[in-house]
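Hello,

Here is the model we spoke about. Please open it before reading on.

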Protein chains: 2
Amino acid sequence: MKPQGKKKATIYDLSVLSGCSASTVSAVLNGTWRKRRIKESTAELIQGLAEQHQYTANLQARGLRNSRSGLVGLLLPVHDNRYFSSMAQTFEAQVRSHGKCPVVVSASRDPQEELATVETLISYSIDELFIAGATDPDSVHCLCEAAGIRHINIDLPGTKAPSVISDNYQGARLLTQAIIKRFDDAAAPLKPEELFLFGGRNDHASRERIKGFRDIKTELLGQDSDACIQPTGYSPGMTQKAFEAFYEREGKLPRGLFINSSINFEGLLRFMAQHPHETFADIVVGCYDYDPFGSFLPFPVIMIRQDSESMLAKAFELIEEARPAVKIHLIQPELVHPRTALKGPLDSIRDIDA
Amino acid sequence: MKPQGKKKATIYDLSVLSGCSASTVSAVLNGTWRKRRIKESTAELIQGLAEQHQYTANLQARGLRNSRSGLVGLLLPVHDNRYFSSMAQTFEAQVRSHGKCPVVVSASRDPQEELATVETLISYSIDELFIAGATDPDSVHCLCEAAGIRHINIDLPGTKAPSVISDNYQGARLLTQAIIKRFDDAAAPLKPEELFLFGGRNDHASRERIKGFRDIKTELLGQDSDACIQPTGYSPGMTQKAFEAFYEREGKLPRGLFINSSINFEGLLRFMAQHPHETFADIVVGCYDYDPFGSFLPFPVIMIRQDSESMLAKAFELIEEARPAVKIHLIQPELVHPRTALKGPLDSIRDIDA
DNA sequence: CTTTTTTGCACAATCGATGGTGCAAATAAT
DNA sequence: ATTATTTGCACCATCGATTGTGCAAAAAAG
């Protein structure tokens, strides 16, 4: 009735109150009571008591007994970024709709941290794990494998578990092409040495994007050189430094910029904050990630929206298969033209107004 | 040695392997072995075996026994937003540094969902709960209270548990003042009916911000009317509609805009996508939330950065107190001038380059 | 060589829920 | 009325780790 006392009711409490055994109470409350041929009236009695006393099962005990917990994990590199936070949002909704409990954790793109975090999750007997953007998916796979936990890679592929990732090559081609096309009507045509790629590191996604970038660049501008690729890692600070260094050297920024991720784009923002507007009045930026605010900056920003909804949907589908093939599933990303405000997962949340 | 088999080693496995009892193994592995006067050599033996067999404790079992789990929860309204995702990032780091396991979940600003989510967390015996931006913190409090779980409100205050929130009134005054000041050198001075507030609902934060807005507006512009307050809830879609309606009516946007949150700001983006640039060439926007990309839009955007680091730090401090006073702690937010790229939690992540 | 003290560890109960097994009472079949 | 079924539920072991208690053997004291 009232939320009295300090401790939660257990099946033993209800057992005493109802005069039934604990196993009967358990069966009634977890829904297996018909199978166990419990009388309907006893079931009702117990359900009534459970409600009165605000019984909720101790999920640790249940998990211990079943060696399943009802928890489904999502391992992210970082939260603080629209791509991943929107993935988290979608993930939660999906997991909830399956009647499970979502757990989102980040591991800072640190292989050690990734393994430690996953070990912790395994120790809580999570049922399934979605591994997004892991630096070392295969090691994570081994942990999951050993613990018998279904898992799948997202965003960055592994070689030992099925992976669902963006078609980074295709996305990069689209993006590069769109950047170049922006200069069609320009006074001076874009020269190959005016189109640079900044950001990324030696991961699968960056490699594919670089490949797409270079292929299209060669195709359309006839030429491309190593100097135009500036990997800076996934760090705003490092990216800013790269821009500063370039500017120091050349006295200007490249007219065309392919930026590997919104995190790197933040490095450009930092650069911008240090320099007058003229420094980049006529640049065209392509960013491999979508951020609604980024899309409205004062110069043309073409973005790639990775379709994390589809990626997750595919991943959920695969993870339910008995023995999914260890292959890479490519999801097509979407080109987003400048000044575009796309809807996101928040739009499906109903909001009650004042 | 090799990550063989399917099942994880338990203390019973190690008990057999070492020839010691399970309780000895347990004591050695959880560090209480000195207190239990276990010989150093036995400890070493068992630790060696544990390492060889990759033992990790089953945290559900431990949690069941201790009725503590090592989990610390953060309840968010949504992930997909820089304010909350950056809070999640900071939270994780803090919790990890305390040797616990962070669990971040969102509840979509839905009171029902909030309660259900918290019940689930409680069923997993989380040790502490940080309640951020809950619509109904007091009901959540009751659940925690009944379960004996330490908890604290962040961002939106409750009346039954200590709360750490932004000084929304002061922040709104700062922001409103900064917006008005922007028009000091304008051709035509800003008139009271040209400064509007959009967004927010009937929650504590919105009310305080509205109060601050109106107070400063009256103070500096001599006048303020109810018509200048347009609460739209925390929804991009509703906010867009409000802008469209205004534009329909007035043929233009207000010159001065106070936008209640970055989520509402996205509503403005959607409006912008539908209208030519001239429609808002000379507006000044103040947004109560900081988003790095938002800060560089083509018109002046003044932002308020809520200091979630300090809020969390204070919250951690309070939650460790035995019986913290039920009061509201105000944290000062920071005014961010246009074209500013602040550092965030990601900057403390070390990044290994290609 | 006894008695006392210390050392080192094993035993068993416990946390809460689950599910296989068994058994009495109620009901049906003969 | 007797045997065969079915119904309804209780009993108990189990999941893995923790911890209070007790008791031998070893060491120290007498």
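Below are notes on how chain B and chain A meet.

This is a predicted model: local features need pLDDT of at least 70, side-chain atom pairs count only at pLDDT 80 or more, and totals for chains, interfaces and linings use all residues. Residues are numbered from 1 along each chain as its sequence is written, chains are lettered from A in the order in which they are written, and side-chain values use heavy atoms, without hydrogens and water.

The same surface serves both: 100% of the contact residues of chain B recur in chain A.

**Interface.** In contact (heavy atoms within 4.5 Å) are 91 residues of chain B and 91 residues of chain A. The chains bury about 7,400 Å² between them, 54% of it on carbon and sulfur atoms. That is accessible area (1.4 Å probe) lost on being put together, summed over both. On chain B, B:Gln60, B:Asp80 and B:Phe293 lose the most area to chain A, together 12% of what that side buries.

**Salt bridges.** There are 8 across the interface (side-chain nitrogen of Lys or Arg within 4 Å of a carboxyl oxygen of Asp or Glu). One of them joins B:Glu113 and A:Arg96, at 3.3 Å, N to O.

Best wishes

Note on methods
Buried area is the accessible area (1.4 Å probe) that two parts lose on being put together, summed over both.
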